[in-house]
Amino acid sequence: MLLNSKGKHRRPSKTVRFAALAGITGAAVAVPLMGATNASAASVETWDAVAQCESGGNWSINTGNGYYGGLQFSQSSWAAAGGTQYASRADLASKDQQIAAAEKLLDLQGPGAWACAGAGGLTNDGVDPGVNTGSGQSASKPEQAQPEQAQPERKAEQPTTRSEQRTAPAAPKAESSKKTVTTPTGEKVQKGDGEYKVKTGDTLSKIADKEDVKGGWSKLFKLNDDIVKDADLIFPGQQLHLK
């Protein structure tokens, strides 16, 4: 299975574990991490051998363990190697597409990216596998061409006489501008439609006393709570209900 630069994604392959159980030392399956070269490539036969060790040669395997396809890509490794241009996961891509992505991962991380590199004899030998990746995801069906729809026949435009030319009606002014008052800070507040228009220096108490509002300023506040949010803040131009 694939390894990242910080170590193995999961436990070693069966080949490595069997070698350890048998007490074999210096087994050929243990391959040190190798630096990537500009000619990182391997033959299809080599990748087949790696896949045989990694997944039993099943290129569409998905056991739910987080590794997919014949070469057991993790999702992050599949994306890093550009595999998502073929399919969302490795097990949904064709064998050739998986090998093409593996070639890029080989160039990035070297043979040590696979626990089965030694069992498959994977090296940076520069051999072009010559795979055919196609042009899209292997699991998706080709789109069927849609029949062309007949376009409705367009009538010839008749020339417009000067007498028929009319200017577009002017857009009506926004009603919202009539329903708001601009405060000294530039904020817009509700204007209201009451019978008393607030003047500079007015307060709810002054208005209640001057207009003899029963219940005083608190009654005046309740009557106009739809436009007055703070009893201490009223603004010139607002129109208050007095009853």
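Student: What makes the link that joins C53 to C116 a disulfide?

Tutor: The S to S distance is 2.0 Å, and a disulfide is a pair of cysteine sulfur atoms within 2.5 Å, so C53 and C116 qualify. By this rule the count comes to 1 disulfide. Bear in mind that this is a predicted model, where local features need pLDDT of at least 70, side-chain atom pairs count only at pLDDT 80 or more, and totals for chains, interfaces and linings use all residues. Residues are numbered from 1 along each chain as its sequence is written, and side-chain values use heavy atoms, with hydrogens and water left out.

Student: Why is the disulfide of C53 and C116 called left-handed?

Tutor: Its torsion about the S-S bond is about -60 degrees, so it is left-handed.

Student: What does the pair of C53 and C116 tie together?

Tutor: C53 sits in helix α2 and C116 in the loop between α4 and α5, so the pair ties together parts that are 63 residues apart in sequence. Helices here are DSSP runs of H or I with at least four residues, strands are runs of E with at least two, and both are numbered from the N terminus.

Student: How do you know that α2 has the span expected of a helix?

Tutor: The expected span is 1.5 Å times one less than the number of residues. α2 has 12 residues and reaches 16 Å from its first C-alpha to its last, close to the 16 Å expected.

Student: What puts the buried residues of α2 on the same side?

Tutor: The buried ones are T46, W47, V50, A51, C53, E54 and S55. They cover an arc of only 165 degrees around the axis, which puts them on the same side of α2; the arc is that of the directions from the helix axis to the C-beta atoms. An α-helix has 3.6 residues a turn, so residues three or four places apart point the same way. The face turned away from the buried side carries the exposed residues E45 and Q52.

Student: Why is W47 called buried?

Tutor: Its relative accessible area is 0%, and buried means under 20%, exposed over 50%, partly exposed in between (1.4 Å probe, protein chains only). So W47 is buried.

Student: Why is the pair of W47 and W114 called edge-to-face?

Tutor: Rings of Phe, Tyr and Trp (its six-membered ring) pair if their centres lie within 6.5 Å; planes under 30 degrees apart count as stacked, over 60 as edge-to-face and the rest as tilted. The rings of W47 and W114 have centres 5.1 Å apart and planes at 65 degrees, so the pair is edge-to-face. W47 is in helix α2 and W114 in the loop between α4 and α5, 67 residues apart.

Student: What makes the D193 and H241 side chains a polar contact?

Tutor: They come to 2.9 Å. A polar contact is a pair of N or O atoms within 3.5 Å; within protein, one must be able to donate a hydrogen and the other to accept it, and residues adjacent in sequence count only if both atoms are side-chain atoms.

Student: Which backbone atoms does the side chain of Q238 reach?

Tutor: The side chain of Q238 reaches the backbone oxygen of Q190 at 2.9 Å and the backbone nitrogen of F235 at 2.9 Å.
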